[in-house]
Amino acid sequence: MTREIKMIALDLDGTLLDDQKCLSQRNEAALKACAERGIEIVPCTGRNWNGVPDCVRQLPGVHYAITANGAVVEDVRNHKVIAETKLSNALACDILEMAKQFQTVMYDVYIGGQGYGQRNFLEQIETSGLPAFFQKMVLSNRRSVPDIIEEVRRQGIPCEKVNYMFRDPEARLCARNALLLREDVEVSSSYDFNLEINAAGATKGDAIIRLAGYLGIPKEQTMGFGDGENDRTMMKMAGIGVCMANGAETVRQMADYITVTNNEDGVAQAIEKLIFDRRR
């Protein structure tokens, strides 16, 4: 399966980063070796750019990023948006209003690269039942506002993504089914307690194709790494789709190659085998 690769798109949580949200030395070394070959290293994440950790942002070869599940494709060195597929302001407000129908423990929104959280949700997050690592990530990456929906209306601009978070799996399933009946949004998740709602056509796979086209890179020379439901389109649309051993079964079934887990340097293992043709 080895072939010339010119762009590597990488999911972060559960993929490039280990369970402590750290970048291992082996993964870092593998990506630096790719950058020395002129391969573009592209964070491809449900996070916004401000939420990408410095250890990834500062890697050589990171000139572009795909954020908010593909809603934004950006030249991060020159602060230039290459492509965007956002929820209209009215649609974002509608999706946020819809959250009130379900037993969400919180909901929030990305606007202009900034995450916004409602004050009462953020103040009560310690009793939300959400995992501690997620609480920490949210608190470090959300601007507190009194009312999210009023803030979205006030700004009056398109939004990258709406997030729902749940304590009850049945409530999450109910919300998912209701959202899937709509034809104007993409619904995915990166954890078993959340739902991520994007505009139709905003997926990681679509964004990889958009960025590759912008850079003049054939689809066949792209590689995508992922583990979660929101990575399925990467497995389908990248030249080589690589799923982590810890990935969801539906993602594993779509992958061209399954590497070891995110805690075992799975990104590096696949790069060493598929790009450098080395076995470890």
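Glutamate 249 is partly exposed, with a relative accessible area of 47% (buried means under 20% relative accessible area, exposed over 50%, and partly exposed in between, with a 1.4 Å probe and protein chains only). The structure is a predicted model, in which local features need pLDDT of at least 70 and side-chain atom pairs count only at pLDDT 80 or more, while totals for chains, interfaces and linings use all residues. Residues are numbered from 1 along each chain as its sequence is written, and side-chain values use heavy atoms, with hydrogens and water left out.

Glutamate 249 forms a salt bridge with arginine 252, at 3.4 Å from N to O (a salt bridge is a side-chain nitrogen of Lys or Arg within 4 Å of a carboxyl oxygen of Asp or Glu). The two residues are three apart in helix H10 (residues 249-254), so about one helical turn separates them (helices, H or I with at least four residues, and strands, E with at least two, are DSSP runs numbered from the N terminus). Arginine 252 is partly exposed as well, at 26%.

The count of salt bridges comes to 19. In one of them, arginine 26 meets glutamate 272, with the closest N and O atoms 2.6 Å apart. Arginine 26 belongs to helix H1 (residues 25-36) and glutamate 272 to helix H11 (residues 266-274), so this pair ties together parts that are 246 residues apart in sequence. Glutamate 272 is buried, with 5% relative accessibility. Another salt bridge joins lysine 21 to aspartate 13, at 3.0 Å between the closest N and O atoms. Here lysine 21 is partly exposed at 25%, whereas aspartate 13 is buried at 14%.

The largest pocket holds about 510 Å³ of space. On a 1 Å grid over the protein atoms alone, a pocket is an open set of points where a 1.4 Å probe fits, with protein on both sides within 12 Å along at least five of seven lines, and lining residues have an atom within 4 Å of a point. Its volume is the space filled by probe spheres set on the points, which are joined across faces, edges and corners. The largest pocket is lined by 32 residues, and the closest to its centre are Asp13, Arg47, Gly51, Met137 and Tyr191. Two or more lining residues come from each of helix H5 (132-141), strand E9 (161-166) and strand E11 (194-199). H5 gives the most, with six residues.

The second largest pocket has a volume of about 230 Å³. Of its 14 lining residues, Glu186, Val187, Ser188, Glu229 and Thr233 are the closest to its centre. Strand E10 (185-188) supplies the largest share of this lining, three residues.

Eight aromatic pairs are present (rings of Phe, Tyr and Trp, the last by its six-membered ring, pair if their centres lie within 6.5 Å; planes under 30 degrees apart count as stacked, over 60 as edge-to-face and the rest as tilted). Tyrosine 164 and phenylalanine 166 form an edge-to-face pair, 6.2 Å centre to centre with 65° between the planes. Both are buried, tyrosine 164 at 0% and phenylalanine 166 at 2%. The rings of tyrosine 191 and phenylalanine 193 are stacked, because their centres are 5.1 Å apart and their planes lie at 10°. Tyrosine 191 is buried at 14%, and phenylalanine 193 at 9%.
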